[in-house]
Amino acid sequence: MREVNVGVVGLGIQGSAHVEALSGLHNVKVIAVADLNFERAKEVARKYKVPKAYDSAYKLAEDPEVEAVIVATPDYAHLEPVMAALKEGKHVLVEKPMATRLKDAERMAAEAKRRGVLLMVNFENRFNPPFAYVKDLLDDGELGVPLHAYIRLSDTIYVPRKMLTWASKTSVAFFLMSHTVDLARWYFGGEVREVYSTSVSRVLRDLGTPDAYAAILKFEEGFALLESSWVIPETAPSIFDFKLELVCSDGAVHIDTQRESLTLCTTKAHAYPHLAKLFRLHGTPIGFLKEADRHFVECVAGRAEPIVKAEDGVANVRILEAIVRSSREGRPVRL
């Protein structure tokens, strides 16, 4: 089984997590990392024994030894590094959302098709065991046909105020609803016909993003109600609140990933530690981010068919744009 050489662009929280996750995979070698903050790139390279560090996505894309690139730059900054990699004939995994403008997502997809290379979007919850298990139940006919769903994914205000220095250049819709829109499309197995949404803007008005959105996605049969907020109090025991209820013709499921069956109480804090995404088990990285990266590498090597395609990313951005538009215009948006 041949080894795949991977480069990672953007070394914030998510990009660094990708480097760590890849370090736990066989037949994969992270040979280059890049970040506009060159000191950060060199620091990550030293920590994970990556041979090359660059201060530019273009320089990494031009490296002939790099076969595949993971782009983990901020939401609004995906287009240039993705296009640079695609134009050099590299396979690409880009973080969700694929873009914050539909025309950018369409441009990426068109370039990947023209070059004949793989372009995937990291909808990592397709690899998160409880959500993937529900998909298996649906595919096996155990639940019947999806009728309606409620999916809530919210963050504490720590995320837009402290964690993301670029929160004003995205929104809670693109940052969080990109996950839940994808799950809805995945489960209902069809395209969204109409979107109707509303929002509230008060606490984060200075950032130019609403505090919260609620959106109804209407499919040919059935609907999904999505809710996302960025203003949960920072004192909450978890940085996020992620719940799903799916009612089908022959059953129903309820998922709550907020606690992950673990509650921690110390003299300093009451918290719900999150281990499912990425955790070092006896020194080895495990988790669903690692599984998402594994799948990408397997597809690059020709050993698997993509679970997520570029078209899924484009459809996701189209729906997110409709959510924002519907909220602004106060009317349903047909797709």
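This is a predicted model: local features need pLDDT of at least 70, side-chain atom pairs count only at pLDDT 80 or more; totals for chains, interfaces and linings use all residues.
Reader: Which residues of β5 lie on which side?

Author: In a regular strand, side chains alternate between the two faces of the sheet. In β5, one side carries H91, L93 and E95, while V92 and V94 are on the other.

Reader: Which strands are joined to β5?

Author: Strand β4 (residues 68-71) runs parallel to β5 and is joined to it by 4 bridges. V71 stands opposite V94 of β5. Strand β6 is also parallel to β5, again with 4 bridges. There, E95 has N122 in β6 as its bridge partner.

Reader: How does the chain cross from β5 to β6?

Author: The path goes through helix α5 (residues 102-115), and this β-α-β crossover is right-handed. Another right-handed β-α-β unit is made by β4, helix α4 (residues 79-87) and β5.

Reader: What is the order of the strands in the sheet?

Author: The sheet is open and has 6 strands, in the order β3-β2-β1-β4-β5-β6, with parallel pairing. Its edge strands, β3 (52-54) and β6 (119-122), each pair on one side only. On average, neighbouring strands are turned by 25° against each other, direction ignored.

Reader: How many bridges pair β2 with β3?

Author: Strand β2 (residues 28-34) pairs with β3 in the parallel sense over 3 bridges. A32 has K52 in β3 as its bridge partner.

Reader: Turning to pockets, what volume does the largest one have, and which residues are closest to its centre?

Author: The volume of the largest pocket is about 1,600 Å³. The lining has 49 residues, of which I13, Q14, M163, F175 and K277 are the closest to the centre. Elements that give two or more residues to this lining include α1 (13-23), α4, β7 (146-155) and α8 (172-188). By class, the lining holds 26 nonpolar, 12 polar and 11 charged residues.

Reader: Which element gives the largest share of the lining of the second largest pocket?

Author: Helix α10 (residues 310-329) does, with 4 residues. The second largest pocket holds about 270 Å³ of space. Among its 14 lining residues, S171, F174, Y213, V324 and R328 are the closest to the centre. This lining has 4 nonpolar, 7 polar and 3 charged residues.

Technical notes
Residues are numbered from 1 along each chain as its sequence is written. Side-chain values use heavy atoms; hydrogens and water are left out. Two strands pair if DSSP finds at least two bridges between them. Axes are lines fitted to C-alpha atoms, for helices over the stretch in contact, and angles run from 0 to 180 degrees between N-to-C directions. Buried means under 20% relative accessible area, exposed over 50%, partly exposed in between (1.4 Å probe, protein chains only). A crossover is right-handed if, with the strands pointing away from the viewer, the path from the first strand over the helix to the second runs clockwise. On a 1 Å grid over the protein atoms alone, a cavity is a set of points where a 1.4 Å probe fits but cannot get out, and a pocket is an open set with protein on both sides within 12 Å along at least five of seven lines; lining residues have an atom within 4 Å of a point. Grid points are joined across faces, edges and corners, and a volume is the space filled by probe spheres set on the points. Ala, Val, Leu, Ile, Met, Phe, Trp, Tyr, Cys and Pro count as nonpolar, Asp, Glu, Lys and Arg as charged, and the others, Gly among them, as polar.
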